[in-house]
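Subject: Structure handover

Hello,

I am passing a structure on to you.

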Amino acid sequence: MLRTEELVVKVDDEGGKKCLLDHISFEVKDGEMLVITGPNGGGKSTLAKTLIGINKPESGKIYLNDVDITDYDINHRANAGIGYAFQQPPRFKGMPVSRLLSLAAGKELTEPECCRMLSEVGLCAEEYVNRQVDGTLSGGEMKRIEIATVLAKEHKLCVFDEPEAGIDLWSFSMLIQKFEEIHRQKKQSLIVISHQEKIIEMADQIMIVDDGIIKRMGSKEEVLPYLNGVKKCHECADRMEGKF
Ligand SMILES: Nc1ncnc2c1ncn2[C@@H]1O[C@H](COP(=O)(O)OP(=O)(O)OP(=O)(O)O)[C@@H](O)[C@H]1O
């Protein structure tokens, strides 16, 4: 189980401090899927980066299975069982895809094992397994390799930041199947940042983050009607502005 207590994240801003996350408290039980959604710039990625140890909170606590991991750095948190797929995955010039997958899995993988992992995210394995993880890969290819690295190992908690961004429809449906499988097995908890209805509808819990705070959090039944209401308001405003 992951639990946060009153997380506050601030950054230096023009000689002062700007608050990006303001007293964020929530929990994700074992095997549960939490989808975090909300407007651009609301603080979703900041929250994900705080959970995995990239951002240091100013105050507050993070617990994984009741162990206080607040002071763990990113490597320590990965070893504790947290996997993360970036919104914009980093590239590693000179590193073959197979090596990156082995590093992510924490053991030397055979070529067939790497190929199976790549196929699971919709990549034609033989074409990619020996490619370099550099700027020659397209955004969507990179995104799918990144997702494969998280799936290469069983974690206590996997965090995906907008996994749908930039990937084609066919790969998206494979991704949904993979999330469904993980969710069904209940061995790993999932936190997925997403704007996609299909992903939001899979959630046990939905959290709306806006302006650095949790605007709403609850079951689908509690939060979806609110989200649909917000969507209708936006459509209405667009119609009044003559956008459609
Ligand atoms: N290091 C930083 N310094 C200053 N401002 C920052 C920093 N990191 C993030 N922000 C700001 O914090 C806010 C939240 O950013 P964040 O990336 O968490 O939003 P998000 O909800 O993930 O947005 P999106 O849906 O567009 O990905 C934004 O206004 C962003 O500009």
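Residues are numbered from 1 along each chain as its sequence is written.

Confidence

pLDDT is the predictor's confidence in each residue, on a scale from 0 to 100. The chain has a mean pLDDT of 92, and 94% of its residues reach 70 or more. Where pLDDT is low, the predicted coordinates should not be read in detail. For the complex, the predictor gives an ipTM of 0.97 and a pTM of 0.91.

The chain as a whole

Nine helices and 12 strands make up the secondary structure of the chain. These are DSSP runs numbered from the N terminus, with helices (H or I) of at least four residues and strands (E) of at least two. The C-alpha trace spans about 50 × 45 × 40 Å along its principal axes. The radius of gyration of the chain is 19 Å, which agrees with the value near 18 Å that a compact globule of 244 residues would have. That radius is taken over C-alpha atoms, and the globule rule is 2.2 Å times the number of residues to the power 0.38.

Of the 244 residues, 34% count as buried. A residue is buried if 20 or more other C-beta atoms lie within 10 Å of its own, exposed if 12 or fewer, and partly exposed in between, with C-beta atoms placed from the backbone. Two residues are in contact if their C-beta atoms, placed in that way, lie within 7 Å. Of the contacts with a separation of 6 or more, 66% are between residues 24 or more positions apart.

The ligand

Around the ligand are V11, K18, L20, N40, G41, G42, G43, K44, S45, T46 and Q87; a residue is near a molecule if its C-beta atom, placed from the backbone, lies within 6 Å of it. β2 (16-28) and α1 (44-52) each supply at least two residues of this shell, and α1 gives the most, with three. By type, the shell has two nonpolar, seven polar and two charged residues. Here Ala, Val, Leu, Ile, Met, Phe, Trp, Tyr, Cys and Pro count as nonpolar, Asp, Glu, Lys and Arg as charged, and the others, Gly among them, as polar.

Helix α3

In α3 (residues 97-105), the buried residues are V97, S98, L100, L101 and A104. They line one face of the helix, because they fall within an arc of 160 degrees seen down its axis; the arc is that of the directions from the helix axis to the C-beta atoms. Their cover includes β7 (92-96), α4 (111-120), α5 (125-128), β8 (132-133) and α6 (139-151). Just after α3, G106 takes a positive phi of about 75 degrees.

Two leucines

L34 is in strand β3 (residues 33-37). L34 is buried, with 22 other C-beta atoms within 10 Å. Leaving out residues up to four places away in sequence, L34 touches V28, I191, A203, D204, Q205 and M207.

L137 is in the loop between β8 and α6. L137 is partly exposed, since 18 other C-beta atoms lie within 10 Å. Beyond neighbours within four places in sequence, L137 is in contact with R131 and M142.

Regards

Note on methods:
This is a predicted model: local features need pLDDT of at least 70, side-chain atom pairs count only at pLDDT 80 or more; totals for chains, interfaces and linings use all residues.
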